[in-house]
Amino acid sequence: MKGKRWIALAMALVMTLSLLTVSAGAVSFTDMVGHWAKEDVEALATAGVVNGTSATTFSPDRKMTACEALLFCSRTTGVSKSDKTRIYAAWAARLKKLLPQDMISWAAEEMAVCLETGILSESELAALTSTGNISRAITRENLAMYLVRAMQLAPLAQSLTSYSMSFADTASISAALKPYVYLLNMYGIVRGDQANRFLPNGDLTRAEMATMLRRAIDFMEERGIYAELPAYTSYDWMGGTITAVTTGSSGVVLLTLSNELSGARTISLPAGVEIYENNMLTTSSALKVGQYVRVNLSASGTPESVRVGGALTVYTGAVTSLNADEVTISVSGAPRAMTIDRFTEVQAGKSVGGAEVIDLDGGYTEAVCSVDSQGRLVQLRLSGGTAPAEGLIASVEANVGGGQLLRVTGFNGVTTQYTLPADAAVTINGTVGAMSGRYVDSYVSMQVSNETEYELVSVAVDTVTKYIQGSLRTYSVGTRYDTVTVTDLETGKSTTYDMAASAVVRYEGKTAALSGLSRNLFVTACISGDGITLLDAYPASTETKGTIRSISFGTPTALTVETDAGAQVSFDLDLTALPEIYRDDKVSSIDKIKVGDDITVTVRYNQVETLDCYSQSANVSGTITRITMESSGVTMDLKLKDGASVSYTVADGVSVTQDDTAISLYALKPDYEVSLVVSGDTVLSIRVDKGSSTSSMLSGTVLVPSVKEESLMIQQADGTPITVDVSRASFLTANGAATYLEALTVNDEVQIYGSYSGANFVATLVIVL
């Protein structure tokens, strides 16, 4: 195995002009004849990892500078040529400030690898440059630290509590660097001289560096070590703490993992899967209860490798700083900074995922950080604080549980529903007040709790400043002042406004130039006097994807969608002018969409344009054995097809259908065969597969009269919508006069006589009250 990895590495590297060249054949140097490092130097030179100081000489006794030694260290990491190019692009701007200008052309690319792989930090490179030490000879003990880091063994070195060595000059090695020297000595990378001295402060020669480099690469090949860089990987993974390990006779290992953020899971590891501990290949004996592991998966979801992280250490403290890739907390009065990468699971408020769920403006106050034995932040839980939100008030309603429901149309045109508790702070034009429906259309700025989804901590209403929402028709950029023409969505009137000299223009939340905007964008404009001080623009059409959580029929009808991020977004639907509706790629109608459907809502200029729904597959089927009406809803006992019995409490408003037609929850009866979409203990929708016939009379309020489909959708007294087949019905007014379906309008009160055909109600007589 010796030599295989460093030859492959050498061929993948982009060679540095001052140190490297790729040779066509075997290389020999006249000044290496009889030298103790001849084999290592010429093997590396032949592979193109190092080159001589001339065509025929290597200068083995010349001192290595810190810069040269660091570049040699970068070549042990196994970083591919393509990743090196990407890494350099990411670091190029900062390296121009960190490196001396005369080194940029030949050292910057591999120095970027040093920074990305942790061989040294930005502050360490800055110190080397500012002191001039980057161009001076490097000491053997300093090289030991950089090389251990390059070999991805720094966490192991830092975890050591005992590292005795037999060097005659061990006492001369700096205390902080002894663990690094110890590891290199233990693994045969460095050895003492003829007098068994390490010479920690001695200079490093080119021959010594070449020999150490070859030994390090050989060791890494044998132990399977390479630099795993989160930002330059794309495979899926799962992580958790081992709670059980079972090994089968065929070598398959069954792992049970617990995870506070993403839940428990069991995973089967194929025989021969690569297992790493301390970044080195090991055996399944390292998989022990209480150890955190990360399982890397192939494109097909099969485990490819396991990284053992050891027992987790938990740090809790106040958040002192937070950005996209680092969190700093105060632990016992001292700051502790931890890196956030794509292998970090994050819970921010109620949202769980990766770093993308963190709101950098969230104002989180507390953090719980779980760190593995390698020093990696594997879990981060952020809590406390609030996130800002703003918009125009769309409606204010009393909340059944106390307080109020506030629906706010954001500057992007999407309306979101918030809960305003009774004890939340409310100010009106800077004065303490109470929320009221008379503030509809006023601007409101809010602080939203990070702990309770869409619960407001405070609101500030501005009734003085004028805001309008509409479409950007035209704009003009002039020498004296700019103008814009906006068509108000409420009035349909187009008005031209001057732009204030200090006006702020934003597009999708980011500062933009007026000249960079396009016509027909959806805009929110803040108007002071006759001029615009803020113009906030978004695309005319926006899409909201999620799951239907409720449909509240009325005038208007409110459709509530829960997004993947957990947001409750509501949309007003006018039953007299419904948007285009599709379900499972077919033209559909409002009565056929269900709670639990996946949905994409397209909004154009603050109006719902399209509802594109997809039904969820039923995951529970059985026969109703008993139905009990309770204050909390309807309790339904089912006998499943396998003979087991289950019970569900079904809340009012759950979608109940047969043959894609809505029926009442209270029309369900024992012996009905049904299929349910269930999430946890919550029933999202019910489909009747087989019912029974019974005569009945219905009454309610007309929601949708459909002449084309010869049907009436009504809302019954209990709030349940139901669609009635009126194709064979007679129509009468309350005084007995004949009428017809075309004469019915929304909100007409009706009594309908007929009978159920299965679960479909077929009317014979409709009386308009």
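**Pockets, cavities and their surroundings**

Author: About 1200 Å³ of space lies in the second largest pocket of this model, which is predicted. Its lining consists of 36 residues, and D359, P388, A389, Y418 and Y454 are the ones nearest the centre. Two or more of the lining residues come from each of the strands β15 (386-398), β16 (404-409), β17 (415-420), β20 (443-449) and β27 (531-538). Among these contributors, β15 gives the most to the second largest pocket, namely four residues. By class, the lining of the second largest pocket comprises 16 nonpolar, 12 polar and eight charged residues.

The largest pocket has a volume of about 1700 Å³. It is lined by 47 residues, with E116, T117, G118, T339 and D341 nearest its centre. Helices as well as strands take part here: α4 (81-98), α5 (104-117), α6 (122-131), α8 (154-159), β8 (313-323) and β10 (334-339) each provide at least two lining residues. The strand β10 gives the most to the largest pocket, with four residues. The lining of the largest pocket divides into 20 nonpolar, 12 polar and 15 charged residues.

Both strands named for the largest pocket, β8 and β10, belong to an open sheet of seven strands, whose order is β10-β9-β8-β13-β14-β11-β12 and whose pairing is mixed. Because β10 and β12 (351-353) stand at the edges with a single partner strand each, one side of each has no neighbour in the sheet. From one strand to the next, the twist averages 30°. At the β12 end, strand β11 (residues 345-348) runs antiparallel to β12 and is joined to it by three bridges. Within this pair, V346 in β11 stands opposite G353 in β12.

Rolling a probe the size of a water molecule over the atoms shows where empty space is left. Over the whole structure, the search finds two cavities of 30 Å³ or more.

The largest cavity holds about 100 Å³ of space. Its lining is made up of Y292, V293, R294, R307, V308, G309, D341, F343, D372, R376, L377 and V378. At least two of the lining residues are supplied by each of β6 (292-297), β7 (303-310) and β14 (377-383), and β14 is also a member of the seven-stranded sheet. D341, listed for this cavity, is also one of the residues nearest the centre of the largest pocket. The classes in the lining of the largest cavity are six nonpolar, one polar and five charged.

About 30 Å³ of space lies in the second largest cavity. This cavity is lined by Y276, E277, N278, N279, R307, V308, Q374 and R376. The strands β4 (274-277) and β7 each give at least two residues to the second largest cavity. Its lining has two nonpolar, three polar and three charged residues.

Notes. Residues numbered from 1 in each chain as written. Predicted model: local features only at pLDDT ≥ 70, side-chain atom pairs only at ≥ 80, totals over all residues. Heavy atoms only, no water. 1 Å grid on protein atoms, 1.4 Å probe; cavity = no way out; pocket = protein on both sides within 12 Å on 5 of 7 lines; lining within 4 Å. Points joined across faces, edges and corners; volume = space filled by probe spheres on them. Nonpolar A, V, L, I, M, F, W, Y, C, P; charged D, E, K, R; others polar. Pairing = 2+ DSSP bridges. Axes fitted to C-alpha atoms, helices over the stretch in contact; angles between N-to-C directions.
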